[in-house]
Amino acid sequence: MTIPDQLEVRRYDLPCPSCSKVSQKSFIQLETQPRLSCDHCGIAIRVSDYYSRAKLEDILKTLGRSGYILRERDRDR
């Protein structure tokens, strides 16, 4: 599996504050979307509540990815 595939295929936990269940989202989803819907109840979850820029950078390092520039994240979208 190549690095771009891992950015799209590997899944990371995104807990729901409403139903307490965990959705599985790709790195690309976590990086590009300020809010993602819960796979179980549909509520919009603010990604930055669980994944800071530093945490996303750590994920990239574990994937061996260098040179990927994270987008500037909006604080409250």
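The model is predicted, with local features needing pLDDT of at least 70 and side-chain atom pairs counting only at pLDDT 80 or more, while totals for chains, interfaces and linings use all residues. Residues are numbered from 1 along each chain as its sequence is written, and side-chain values use heavy atoms, with hydrogens and water left out.

Visitor: Why is E31 called buried?
Guide: Buried means under 20% relative accessible area, exposed over 50% and partly exposed in between, with a 1.4 Å probe and protein chains only; E31 has 2% relative accessibility, so E31 counts as buried. E31 belongs to helix α2 (residues 27-32), helices being DSSP runs of H or I with at least four residues and strands runs of E with at least two, numbered from the N terminus.

Visitor: Why is S20 called exposed?
Guide: The relative accessibility of S20 is 60%, so S20 counts as exposed. S20 lies in the loop between β1 (11-15) and β2 (22-26), and its phi is near 65°, a positive value in a residue other than glycine.

Visitor: What makes the buried residues of α3 line one face of the helix?
Guide: In α3 (residues 53-62) the buried residues are L56, I59 and L60. Seen down the axis of α3, they fall within an arc of 100°, so they line one face; the arc is that of the directions from the helix axis to the C-beta atoms. On the other side of α3, K61 and T62 are exposed.
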